[in-house]
Amino acid sequence: MPRTRRDVLASLAGVGVAGLAGCTALDAGGSETEDPSLDAATLREVRELGSPAFPARVPAPIADSFLERGRARARELLDSCPETMSPEEVPNEAVREIYAEAYADAAEDLERTAADESPFEALRGLRYARGGAAMAKGTYEAAVGGFTESDVRDEAEAVRADIESFRLGTRYLGDEPDRALVVYEAVENLVAAAVRYLDNTDEYGRYADSAPRVGELFDAVESARASLDGARHVRDRYLATIVDPVDLTDAFEATASSLAEIIADRLSEHPREGLEAVVAAEGFDTEKLESTPAKDLLVETFVEVERGLQDARDGLRSGRFATALVGAHTAETHRRAFEDAVTAIKRGRYESVESAAAVRDAKLGALEALEAARSDGSNPHLTRRALVDIAHMVGRGDRSLGDDYYSDDDPRAARNALAQYATTEFAARETPDVSAWVPDVSAWVLGTLAAERGGVRR
C-alpha cells in the first residue's frame, strides 16, 4: 500500500515542540456518555508522534563568544559561593534550604543553555541562568556578608537607566522589512522582559526582609541586565550585516496602526458580550456544542484573535511597533482560522471524537499544515516567526493526552487534544495560504507595509 504524505510526515516528525498553557482549560465537566470508547494505545501513539521542531530564532548572526561570555558570568557568580551553606555560617535552616535549591536550579539552567536548539534560544536562556546564579549569590552574600537590599536597588536604578538609554537610541533601521520586522520584535521582547524584571521587584516576591529577599532582587536585576545585553547584541549584529540601512520606524508605526484598526473593525461584527455570544451569533446552538471539539476549536481561535489585537494595541501605546505588527499578524491569522473553523463545523466536522484514529488524523493534519507553511519561501522570516507560536498548540494537545488527571481513554482529553491540533491546522494554513484570491497573512502585513512606504518592499 503506498504511503501518503501524512504517513511520511508522521515518520519524519521529531520531538521538539515547546509547550505553553492553552487558552482553553481542560474540560472537567460535560457528559461522557455520548462519546465512543477510545483506544488508549492509539491515543498514546498519537502523543508519541512528535512534531517538527520550531525552535525560536532570529535572522541575525549571534556570536558564540557572546553566549560564552553570558555563561561565564553565570559560572562566575556560582563559583564565588559554595553549593551549600553550613549551619555554622547560617543557623537558619529555611535560608539554607532556599539557598541550596537556588544554587542547584541555577546550575541546571546553565547546563540547559548549552543544549538549546538554536543560538537565539540560548541567548534568551542566559537570562535564566544568570538570574538564577544571582539569586544564589545574593542570598549567600546577604546571609554571611554585608550585601543589602539597598545595594541591589542601587544596581537596579543603574540598569533601568541603561534600558531607557538603549530604547531612546534604537531606530528601526534595516534592509528588507520581512527580516527587519522579526529582528526588532525580538529586540523589543528582550527589552520588555528587562523592564518587567525590574518592575516586578516591587510588586511580587516570595520572601520579605531576609537574605533570600536580597537574592530575589539580585536575580531580577541580573536577569534584566542579561535581557538588555541580549537585545543590544541582536540589534548590533543585525545592523553589522547591512550596507545601506533604511529607516523603517515611521512605516512600522503607521502600518501597525492601520492594521490594528482594520482588524478591530472586522471584529466589531461580532458580539462583545463574551465568547458564548460570539459562538451563538454564528448560528450555533451553544448547548449542543458544549463539550465538543467544535466548541474548543472556536474558543481557541477567537481567543487568539483578541490576544493578537491586544498585543498590537499595547505595542502601539508603548512604542514597540514591531511587536504591534506581529500582534496584527497573529490576530488576522486566527480571525481567518476562526472563519474557516465556523465553515467546517457547519459542514458537520468536529461535533465529536469519533475514534482515536480521528485524533491521529487531526494531529497529522496539523503537522502537514505546519510543514507546508514552513516550506513556503515567499516571506520566510515573518512566516516562520508566526509558526513558532502556532506549533506550540501541538504541544498543548500532546499534554492533554498525557495529563495524569485523565485515564488513558478519557474522551475529554481526546477532545482537548483534537481541538488543539485542529486549531494548529487552520492557523498554519493561513500563515501562508495557497489561495490565489486572498493574500496570505504574511503577504498582507508586508504588502501593507510596502504600500505605506510607497510600494517599496526593500
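This is a predicted model: local features need pLDDT of at least 70, side-chain atom pairs count only at pLDDT 80 or more; totals for chains, interfaces and linings use all residues.
Q: How many degrees of arc around the axis do the buried residues of α9 cover?
A: The buried set is Thr249, Ala251, Phe252, Thr255, Ala256, Leu259, Ala260, Ile263 and Leu267.

Q: Which exposed residues does α9 carry on the face turned away from its buried side?
A: The buried side includes Phe252, Leu259 and Ile263. Look at the face turned away from that side, and the exposed residues there are Asp250, Glu261 and Asp265.

Q: Is Asp209 buried or exposed?
A: Asp209 sits in the loop between α7 and α8, and its phi is positive, about 50 degrees, although it isn't a glycine. Most residues other than glycine have a negative phi. Exposed means over 50% relative accessible area, and Asp209 has 77% relative accessibility, so it counts as exposed.

Q: Is Ser291 buried or exposed?
A: Ser291 also has a positive phi, near 60 degrees, and its place is in the loop between α11 and α12. The cut-off for buried is under 20%. With 19% relative accessibility, Ser291 counts as buried.

Q: What kind of aromatic pair do Phe147 and Phe218 form?
A: A search of the whole structure turns up nine aromatic pairs, and this is one of them. The ring centres are 5.3 Å apart with 75 degrees between the planes, and planes over 60 degrees apart count as edge-to-face. So the Phe147 and Phe218 pair is edge-to-face.

Q: How many residues apart in sequence are the parts that Phe302 and Phe338 tie together?
A: Their ring centres lie 5.1 Å apart with the planes at 65 degrees, so this pair is edge-to-face. Both Phe302 and Phe338 are buried. Phe302 lies in helix α12 and Phe338 in helix α13, so the pair ties together parts that are 36 residues apart.

Q: Which ring does the charged end of Arg374 sit over?
A: A charge sits over a ring only if it's within 6 Å of the ring centre and within 35 degrees of the ring normal. The charged end of Arg374 is 4.3 Å from the centre of its ring, which belongs to Phe54.

How values were computed
Residues are numbered from 1 along each chain as its sequence is written. Side-chain values use heavy atoms; hydrogens and water are left out. Buried means under 20% relative accessible area, exposed over 50%, partly exposed in between (1.4 Å probe, protein chains only). Helices (H or I, at least four residues) and strands (E, at least two) are DSSP runs, numbered from the N terminus. Rings of Phe, Tyr and Trp (its six-membered ring) pair if their centres lie within 6.5 Å; planes under 30 degrees apart count as stacked, over 60 as edge-to-face and the rest as tilted.
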